[in-house]
Each structure stands twice: as structure tokens, then as C-alpha cells.
Amino acid sequence: MSVSRLAAELDATQTALITTQRVIAQHIADGLAAGGPAAVLARSLATELDAAGVPIDRHIARATAGGGQ
């Protein structure tokens, strides 16, 4: 595999990962807004993702500020 092809594949993978994180963040933000058990579950998921090194709180802040995806 050529370096340029590998770089393009890495870029596409990174873009897909960021998009996925934003979609998950939107679902978490919706759960937080719903309150009750949904909020507890959403916060738990956000905590787990944060512990795994995913910058999910940044994406949640964008989603709740109306930035969406």
C-alpha cells in the first residue's frame, strides 16, 4: 500500500470516527435533556467514553449548544 493511499484511508477513518462520536454525543445530549433514567444512563455512558479517552464531553457541549452534527 502506498503512503498516499494509507494517508487517505487514515483520514477517512478519522473522519468517520469523529462523525460517530458526534452522533453518539447527540444521543447522549438528548438523554440528558429527557431527564430521569435516560439522563442517568446518558451520563453513565458519557463517563465511560470519557474514561476510554473519547473527548465526548466536547461533542456533547457542541450538540447541546445547537451545533449538532
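The axes of H1 and H3 come within 8 Å and cross at roughly 65 degrees, with axes being lines fitted to C-alpha atoms, for helices over the stretch in contact, and angles running from 0 to 180 degrees between N-to-C directions. That crossing of H1 and H3 is right-handed; the handedness label is left-handed if the near helix is turned anticlockwise from the far one by less than a right angle, and right-handed if clockwise. On the H1 side the contact uses Ile18, Gln21, Arg22, Ile24, Ala25, Gln26, Ile28, Ala29 and Leu32, and H3 brings Ile56, His59, Ile60, Arg62, Ala63 and Thr64. Contact here is heavy atoms within 4.5 Å. Sorted by class, the H1 with H3 contact has nine nonpolar, four polar and two charged residues (Ala, Val, Leu, Ile, Met, Phe, Trp, Tyr, Cys and Pro are nonpolar, Asp, Glu, Lys and Arg charged, and the others, Gly among them, polar).

All of this comes from a predicted model, where local features need pLDDT of at least 70, side-chain atom pairs count only at pLDDT 80 or more, and totals for chains, interfaces and linings use all residues. Residues are numbered from 1 along each chain as its sequence is written, and side-chain values use heavy atoms, with hydrogens and water left out.

Stepping back to the whole chain, there are three helices and zero strands, in the order α-α-α along the sequence. Helices (H or I, at least four residues) and strands (E, at least two) are DSSP runs, numbered from the N terminus. The radius of gyration of the protein chain is 15 Å, well over the 11 Å that the globule rule gives for 69 residues, so the chain is more spread out than a compact globule. That radius is taken over C-alpha atoms, and the rule is 2.2 Å times the number of residues to the power 0.38. Along the principal axes, the C-alpha atoms fill a box of roughly 50 × 25 × 15 Å. Of the 69 residues, 22% are buried, where buried means under 20% relative accessible area, exposed over 50%, and partly exposed in between (1.4 Å probe, protein chains only). Among contacts with a separation of 6 or more, 53% join residues 24 or more positions apart.

H1 (residues 3–34) also packs on H2: their axes come within 6 Å and cross at roughly 145 degrees, and this crossing is left-handed. Here Ile24, Ile28, Gly31, Leu32 and Ala34 in H1 meet a set of H2 residues including Ala38, Ala42, Arg43 and Leu49. The class tally for H1 with H2 is ten nonpolar, two polar and one charged residues.

Glutamine 21 sits in helix H1 and is buried, at 11% relative accessible area. Leaving out residues up to four places away in sequence, glutamine 21 touches Val54, Pro55, Ile56 and His59. Proline 55 belongs to the loop between H2 and H3 and is partly exposed, at 32%. Its C-alpha atom is 9.8 Å from that of isoleucine 18, 37 residues apart along the chain.

As for charged pairs, the structure holds one salt bridge, meaning a side-chain nitrogen of Lys or Arg within 4 Å of a carboxyl oxygen of Asp or Glu. The partners are arginine 43 and aspartate 57, at 3.5 Å, N to O. Arginine 43 lies in helix H2 (residues 36–51) and aspartate 57 in helix H3 (residues 56–64), 14 residues apart. Arginine 43 is partly exposed, with 37% relative accessible area, and aspartate 57 is also partly exposed, at 35%.
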